[in-house]
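Q: I have a new structure to look at, and I'd like to go through it slowly with you.
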Amino acid sequence: MQMVNAIFIRLVNALMGNIFVRLLLIAVCADMVFGSLRAAKYRKWNSAVGIDGAIRKAGMLACVLLFTLIDMVMRVDILGWLPADIRNVLDTCGVVKCGITELFALLFILYETTSVLKNMLLCGLPVPAGLRAKLAGWLDTMTEETQVEVVKETVTVDENTSVLRE
């Protein structure tokens with residue numbers, strides 16, 4: 001039992017001490033917040049979509065947990081393959097190891113960030129026009145949900161007047 005406790009404590013320390021895991025947790029929370037804002041804006045609360053998203057997020061976090069265990073056993077670290085100058089720069093940023101956990105966490109962070117940006121654009125949050133158009137174009141090629149109305153949306157001022165907003 002002491003061995004199990006020791007492994008559990010080591011696992012928790014490895015997860016909480018990993019900057020990529022922390023960033024992934026932030027990205028997951030941000031995606032949930034902006035996804036909820038999007039659902040509230042369009043008044044389309046869909047439990048099936050919410051459950052699918054929760055299962056996807058739980059699967060990502062379970063993978064990170066499993067990959068951390070694998071990294072603990074195998075001690076994978078690809079930073080050793082990089083030149084010393086790049087390792088020094090990464091070290092100053094707090095990246096001292098890059099194993100399977102970090103690689104997949106980075107991929108999951110990019111996935112979640114794409115979802116956050118998509119939800120921000122679809123919510124109509126204030127984003128500079130040039131950046132908004134580039135993000136909308138990029139997201140339009142990356143996802144199927146964004147449409148032209150992401151860049152231009154019509155706002156009804158009263159029953160006789162509509163304004164096109166970018």
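Q: When α1 passes α3, is the crossing right-handed or left-handed?
A: In this predicted model, α1 passes α3 in a right-handed crossing. A crossing is called right-handed if the near helix is turned clockwise from the far one by less than a right angle, and left-handed if it is turned anticlockwise. Helices here are DSSP runs of H or I with at least four residues, strands are runs of E with at least two, and both are numbered from the N terminus.

Q: At what angle do their axes cross?
A: The axes of α1 (residues 2-16) and α3 cross at roughly 110° and come within 10 Å, so the two helices are roughly perpendicular to each other. An axis is a line fitted to C-alpha atoms, for helices over the stretch in contact, and the angle between N-to-C directions runs from 0 to 180 degrees. Angles under 35 degrees count as roughly parallel, over 145 as roughly antiparallel, 65 to 115 as roughly perpendicular, and the rest as oblique.

Q: Which residues make the contact?
A: From α1 there are Ile7, Arg10, Leu11, Ala14 and Leu15, and they meet Val64, Leu65, Thr68, Leu69 and Met72 of α3; contact means heavy atoms within 4.5 Å. Sorted by class, this group has eight nonpolar residues, one polar and one charged. Ala, Val, Leu, Ile, Met, Phe, Trp, Tyr, Cys and Pro count as nonpolar, Asp, Glu, Lys and Arg as charged, and the others, Gly among them, as polar.

Q: Let's stay with Met72 then; is it buried or exposed?
A: Met72, which lies in helix α3, has a relative accessible area of 14% and is therefore buried. Buried means under 20%, exposed over 50% and partly exposed in between, with a 1.4 Å probe and protein chains only. Leaving aside neighbours within four places in sequence, Met72 is in contact with Ile7, Arg10 and Leu11.

Q: And α2, at what angle does it pack with α3?
A: Helix α2 (residues 19-42) and α3 pack at an angle of about 175° with their axes 12 Å apart, so they are roughly antiparallel to each other. The residues in contact are Val21, Leu24, Leu25, Val28, Asp31 and Met32 of α2, together with Arg56, Lys57, Met60, Leu61 and Val64 of α3. That contact has eight nonpolar residues, no polar ones and three charged ones.

Q: How do α3 and α5 cross?
A: The axes of α3 (residues 47-74) and α5 (residues 100-123) come within 8 Å and cross at roughly 160°, so these two are roughly antiparallel as well, and their crossing is left-handed. On the α3 side the contact is made by Arg56, Lys57, Met60, Cys63, Val64, Phe67, Thr68, Ile70 and Asp71, and on the α5 side by Ile100, Thr101, Glu102, Phe104, Phe108, Tyr111 and Glu112. Those residues divide into nine nonpolar, two polar and five charged.

Q: What span should α5 have, and what follows it?
A: At 1.5 Å a residue, the 24 residues of α5 should span 34 Å, and its end C-alpha atoms are 34 Å apart, which agrees. After α5 comes Gly124, whose phi is positive, near 75°.

Q: Which residue other than glycine has a positive phi?
A: Arg75 has one, with phi near 55°, and its place is in the loop between α3 and α4 (84-92). Arg75 counts as exposed, because its relative accessibility is 63%.

Q: Zooming out, what does the secondary structure come to?
A: The chain has six helices and two strands, in the order α-α-α-α-α-α-β-β along the sequence. Buried residues make up 27% of its 166 residues.

Q: What should I keep in mind about the numbers?
A: Residues are numbered from 1 along each chain as its sequence is written, and side-chain values use heavy atoms, with hydrogens and water left out. Since the model is predicted, local features need pLDDT of at least 70 and side-chain atom pairs count only at pLDDT 80 or more, while totals for chains, interfaces and linings use all residues.

Conventions:
The expected span of a helix is 1.5 Å times one less than its number of residues.
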